[in-house]
Amino acid sequence: QLELMPDKDMKLAYDLYSMGCTPVKWKERGPQAEGSGGVADLFDIIHSKIYRVFAFSFVPKPEGEEFAEPYREDQKDHLAFLVSGHEELFVGGDSLNGRVGKLLMLQAKQPISYERKSDGKIEKIFDRERGKKFHKFDWKQCAYREMHKKLWDKITSESTTVASAKEDIPCRTIVGDPSTPAAPLVAFSCARHYKAKTGDKRKTTGSAYLSIFNTGNRPYASAGNVALMYTVGPKGADTELEMLGTKDFPKDGANWLVKDPHEFVKEIFLLATNVMALAEDYNNKFAGRDPLESGQYLPKLGVLRTPICAGGNYKHPDVTETEVALAMLWGYHAVMKQLAHCPKLELMPSAAMLEAYSHYRRLRLPVHWDRIPKGTQGRGQVEGLFNLVKDYVHQQTSTSKAVADDATSGISPAG
C-alpha cells in the first residue's frame, strides 16, 4: 500500500495519474526503456478495455475572444451544434440561443424573427423595469418554433415511431413534415423524447430536435455546418426569462420547476442520452438517404458540438455547473458505449466543462447521482463501467487522496 506525502505538486501529479496521463517526456525514453512497456500496457488496458471512457475534444477559442464559435468557417466534418433552448421551442432571443439565432440570420441567410433597422442591424429595446437593452425578437413568429411544435405534437400523440437500434434505449424519433414554414431552410427534421408518455403535453423539457440545413442555408456557406440540434433543459430555478424583453410570455413553465436536486441531475443525464440517441438514430436510419424524396441526400453527422445545458439561470441552486456538465458527459457516454453510429463529441470550453471532463476521465460521478432510480435508462451502462473499474483498478491502487474538496464542486468518487 502506497501513502503519499501531501503537497501541491504531489496532489497535481496524483490527479494527472488518475486521469491516465504520462509525463511529457515519457515518450523520449523509447519503447525499450526499462518499465516503459509495462506502464504503456497498463494505460492501454485501463483506457481501452476497462475504463472505456471517450476522449472528447474541446472547440478552440479564437484569440482574444471570450467564447468559442458555435459554427466555424473552416468546419470540415459534418457538424451539428446543440442549442439549449426554451420550453416554447424558439430559436433566437438573447443568451446562447440568441447568439446562434443571430448567426443563422446573418451568416446562413435564415429569416430568424429579429426586427432589423434600415442599416441591417438588429433593433434593440430598452426594458425600464430591468434597466437593460434586449434585441427585439418576435418569438411567436419563429419558423423553427412552429416546426418544433409540430414535431412535439407528433411525439406526444402518434403511436408510430422509428425503432431504435437498441431496445434499452426506447426511441421516440419522429420525422418532420416538409410543409412547415422552416422547410425552405431545412432539408430534413426529426425529434425525439426519452419518455414513452410525456404527461403534460405542454412540458417540452427533455425533448430534442434535429434540423438538417438546406445547402444554401448553412452557416458561413461551409459544407461542414450541416445541422442544428435543439433541446430543452429542466428548470431548477424559477428565473424570469430575461432574454425576451417582453411581458406577454406564458408563465406555465413555473409549474414545471424541478425542486429536488437529485431529480434535476437525473433530468440532465436523460437529456444528454436523448440528444445523442437522436443523433445516432438519424445517422443510422436517414443519413446517406433521401427519405423525403426531395433530391437531397442527407449528410452523416460526424461531430456533435455541445455546451452545458441548463447550467445558467435555470440551474438548480444546490447543483453546481460542473455537476450539470458531468451529468451530461455521462449521459452522452451511456449512449456512445452502446450504439455504433454516434457522432464524435466536441465540448464548448468553459471552466466548468474543463473540470467536468477531468472528473469524467477520472470516473467520478455527480454528487446527486446516488438517488437516481436504478432503472433509469442508461444508468446501468454507466454503473457497469464503474463495476469493471472497481474490480480491476480500485483493488490495485489504494486511494489515499481526501475527497472532501470534491463535495464542494459537486463531485463524488465512483465506487
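**Charges and a helix: a short tour**

Hello everyone, let's begin with a strand: Lys124 sits in strand 3, which covers residues 124-127. Before I go on, please keep in mind that what you see is a predicted model. Lys124 has a relative accessibility of 47%, so this residue counts as partly exposed. On the surface, Lys124 belongs to a patch of positive charge, where it gathers with Lys117, Lys121 and Lys133.

Now to pairs of charges. Side chains of opposite charge can pair when their charged atoms come close. How many salt bridges does the structure hold? There are 8 salt bridges, and I'll walk you through some of them.

Take Arg72 and Asp74 to start with. Their side chains meet in a salt bridge, at 3.3 Å from N to O. Arg72 is partly exposed, because its relative accessibility is 26%, and Asp74 is partly exposed too, with a relative accessible area of 43%.

Next, please find Asp77. Which residue does Asp77 form a salt bridge with? The partner is Lys344, and the closest N and O atoms are 3.4 Å apart. Asp77 lies in the loop between strand 1 (57-58) and strand 2 (79-84), while Lys344 lies in strand 10 (residues 344-347), so this pair ties together parts that are 267 residues apart in sequence. As for accessibility, Asp77 is partly exposed at 37%, and Lys344 is exposed at 53%, since exposed means over 50%.

Let's move on to helix 5, residues 261-285. Asp281 and Lys285 both lie there, 4 residues apart, which is about one turn of the helix. Their side chains meet in a salt bridge of 3.5 Å, N to O. Is Asp281 buried or exposed? Asp281 is buried, with a relative accessible area of 1%, whereas Lys285 counts as partly exposed at 22%.

I'd like to finish with helix 3, residues 95-107. Which residues of helix 3 are buried? They are Asn97, Gly98, Val100, Gly101, Lys102, Leu103, Leu104 and Met105. If you follow the chain just past helix 3, you come to Lys109, which takes a positive phi of about 60 degrees.

Technical notes
Residues numbered from 1 in each chain as written. Predicted model: local features only at pLDDT ≥ 70, side-chain atom pairs only at ≥ 80, totals over all residues. Heavy atoms only, no water. Buried < 20%, exposed > 50% of the residue type's maximum accessible area, 1.4 Å probe, protein only. Helix = DSSP H or I, 4+ residues; strand = E, 2+ residues; numbered from the N terminus. Patch = residues over 30% accessible without salt bridge, like charges linked within 9 Å, V, L, I, M, F, W, Y side chains within 5 Å. Areas by Shrake-Rupley, 256 points an atom, 1.4 Å probe, with all protein chains shown as cover. Salt bridge = Lys/Arg side-chain N within 4 Å of Asp/Glu carboxyl O. Lys, Arg positive; Asp, Glu negative; His and termini not counted. Charge placed at Lys NZ, Arg CZ, Asp CG, Glu CD.
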